[in-house]
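Please keep the sequence and the model in view while reading.

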Amino acid sequence: MSLLLENIRKSYREPGGQELPILDIDYFNVKEAEQMILVGPSGSGKTTLLNVIAGITVPDSGRVLIDGVEVTSLSEAARDRFRAERLGFIFQMFNLLPAFSALENVLLGMSFSGEKADRDRAGQLLERVDLGHRLHHRPSQLSVGEQQRVAVARALAKRPSLLLADEPTANVDIANQKIILDLICETCSENQVALLLVTHTLEVAAQFDRVERLIDFNKPGGSA
Amino acid sequence: MSLLSIAYKSIRQRALASSLTALSVALGVALMVIVLVSYGIVDRMFSQRSIGYDLIVGPKGSELELVLNTVYRVRKASWKLPYQFYLDLRDDSRIAEAIPVALGDFTEEGGFPIVGTIPRYFVVEYAPGRKFQRKGKDLRRPFDAIIGSRVARQNQWEIGAKFTLVHGGAKSEHVHDEEFEVVGILKRTGTPNDRTVFVHLDGFFMIAGHEEDPEDIISRMIKFYPDPTDELRELMANIRREVEEESANQSKHEHDDHHHHCVPTWRKEVTAILLTVKGDMFGRVKRSIDLTRELKEGFQAQAVNPIVPMRDLMEIVVKNVSIVLGVMTIFIIIVAGVSIFVSIYNSMADRRKEIAIMRALGARRQTVFYIVLAESTLLCIGGGLVGVVLGHGLVFLAAPLVELQSGILINPFAFDIKELVLLPSLIVLASLVGFIPGLTAYWTDVAKTISD
């Protein structure tokens, strides 16, 4: 799996009608099974970048290629399908669905890819993140750290080739930060999944193959 | 994980709001079921299908009252016909069966109406193609009685049970001394016969207090036959002679007031005569019309096709009531639909993030649209099924009470074929009310909603 971004531009229109450039990336790539951390301050366009890669946000111009597939040229339905089958997503706020148990949240991650949801695999993944005893607990019955571990299991459930993680440790305590990062890195290694993790702090960068600053790639409005 | 199970979990997450929403649908559907079932029952009850006679002959007056008295036994009979008139009709070559009935009293226990009649009553079909079935014997002796299934059940009367009558009405305090004995019990017919006690016509007239003043009888006969034949004049003269002889005898036996003796024919008066006419369907209709005209012109009597006044009643009252109830029910269903719409639409604000998460996980726009639609469908169908059970449950519970109060027999398990329309209607309703919330889900801005 490889990720390649070429000439990506994205700007938003402000309430006053002015254009606010967010992304201006000439070239960016992540190699197969590479674990990369991308560091940038708040408001630097980290989340927008992940959304563009995932096909959730359409860039104003440029190309996103994942495994040679030009995601930016796909229809919305095809992008949804591609995201469902090939990409895993871990959110900063975990974003588990409150109506579903831990197991069901993981199964939900598989449900939209068109394949049959595999309960055994979902159970194994939760075992892997040490939540085998919490399969049927709802998010409200889990600690913050446990919720993020469920989110990790959910992201890996559909065997993605690229895992996108948006500040996954921003809302957990220091003890849990290491546990969760170790877990993400280990499970990605075990499954040969490329990882692109964005964060605003370098404290967690030690265990990654590659550490980059977003500012080195992204020059919105020709800054930096 | 299927769309339905995702929708179900979303409903479960908002259990209270969802329950109240489904309850509003359930109440609307229950009301609709009650209206449909009730209308079906009344329609069957008061239509051709449930009456086996071509004509009911009674004294001139309200046609509807005559039918209500004779067939449904829901009102007290007032005027009477001479027994001779029954004999004349019985011998009419156009008539297949003529059954006299005399109404008036009630059982002391349970207040069931008493019908004095002849054994032939149980031979004639009570409804087209349906004959009485009974256990026990026929009416042979004057104080024999055959009871309907409902009477047997409620009063726990078996063959051999003895009972007395209350004069005139169940609330009357005058209890006749004569004791009747149950000799037969009819099987359930689903008609007013089930809650009726039939006694032998002779026994009915032998009850002390049922004899009329001979002069009244004669004056009624004169009134009834405005143009009496010589035979009738002779009959009336004989009656006067017989009365005089009787009063002379009575003065010799003054202490023998309650002696049961055979009632002379002229003393018998009946409330109505049930007629079936000879011939095929066309012939019967023609003869019925002829008889109706003849009786109306020649006597102080009327022949009524029991269907006509009941159909008029249905058209004027029952159908209009049913339409009003139907319109009310439709409004209730619309209100229930709006309630589902508001419930789901309001929940969309809370669920926008859930929708966005599902979209980020790969759910297509159509998928989240269908999840919302499935949710409204589950609420509608779930509420609808509860409503069907509730509606039939209420009918089941109300059946004996309605029967007690109005005399209308209700099958507690009655089902109306129109109920089959409910399910597809509910799916249409669900689609309508789920459409706009579904579109809200469809157009959710994933990136913005997640970052919010």
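**Helix packing, aromatic pairs and a buried strand residue**

In chain A, helix H4 (residues 119-128) packs with helix H5 (residues 144-157) at an angle of about 140°, and their axes are 9 Å apart. The model is a predicted one. Angles over 145 degrees would count as roughly antiparallel; H4(A) and H5(A) are therefore oblique to each other. The crossing in which H4(A) passes H5(A) is right-handed.

Which residues of H4(A) and H5(A) meet? From H4(A) come Arg121(A), Leu125(A) and Leu126(A), and from H5(A) come Val150(A), Ala153(A), Leu156(A) and Ala157(A). By class, the residues of this contact between H4(A) and H5(A) comprise 6 nonpolar and 1 charged, with no polar residue.

Also in chain A, Ile90(A) is placed in strand E6 (residues 87-90). Is this residue buried or exposed? Its relative accessibility is 0%, so Ile90(A) counts as buried. Leaving aside residues up to four places away in sequence, Ile90(A) touches a set of residues that includes Gln148(A), Ala151(A), Val152(A) and Ala155(A). The contacts of Ile90(A) also include Leu163(A), Leu164(A), Ala165(A), Asp166(A), Pro168(A) and Ile184(A).

The account now turns to chain B. The secondary structure of chain B consists of 13 helices and 13 strands. Of the 452 residues in chain B, 50% are buried. Among contacts in chain B with a separation of 6 or more, 78% join residues 24 or more positions apart.

A helix pair can be examined here as well. In chain B, helix H3 (residues 63-72) and helix H10 (residues 307-360) pack at an angle of about 105°, their axes being 9 Å apart. H3(B) and H10(B) are therefore roughly perpendicular to each other. On the side of H3(B), the contact is made by Glu63(B), Leu64(B), Val67(B), Leu68(B) and Tyr72(B), and on the side of H10(B) by Pro309(B), Met310(B) and Leu313(B). The contact of H3(B) with H10(B) has 7 nonpolar residues and 1 charged residue, but no polar one.

Aromatic pairs are the next topic. Over all chains, the structure holds 18 aromatic pairs. The rings of Phe122(B) and Phe198(B) have centres 5.1 Å apart and planes at 85°, so this pair is edge-to-face. Because Phe122(B) lies in the loop between strand E4 (113-117) and strand E5 (134-136) of chain B, and Phe198(B) in strand E10 (residues 197-200) of chain B, the pair ties together parts that are 76 residues apart in sequence. Both Phe122(B) and Phe198(B) are buried.

How is the aromatic pair of Phe163(B) and Phe180(B) arranged, and what are its values? The pair is stacked, with 6.0 Å centre to centre and 25° between the planes. Since Phe163(B) lies in strand E7 (residues 162-163) of chain B and Phe180(B) in strand E9 (residues 180-186) of chain B, the pair ties together parts that are 17 residues apart in sequence. Phe163(B) and Phe180(B) are both buried.

Phe122(B) and Phe198(B) also belong to a cluster linked by ring pairs, together with Tyr121(B), Tyr126(B) and Phe132(B).

Terms used
Residues numbered from 1 in each chain as written. Chains lettered and ligands numbered in written order. Predicted model: local features only at pLDDT ≥ 70, side-chain atom pairs only at ≥ 80, totals over all residues. Heavy atoms only, no water. Axes fitted to C-alpha atoms, helices over the stretch in contact; angles between N-to-C directions. Helix = DSSP H or I, 4+ residues; strand = E, 2+ residues; numbered from the N terminus. Parallel < 35°, antiparallel > 145°, perpendicular 65-115°, else oblique. Left-handed = near helix turned anticlockwise from the far one by under 90°. Contact = heavy atoms within 4.5 Å. Nonpolar A, V, L, I, M, F, W, Y, C, P; charged D, E, K, R; others polar. Phe/Tyr/Trp six-rings, centres within 6.5 Å; stacked < 30°, edge-to-face > 60°. Buried < 20%, exposed > 50% of the residue type's maximum accessible area, 1.4 Å probe, protein only.
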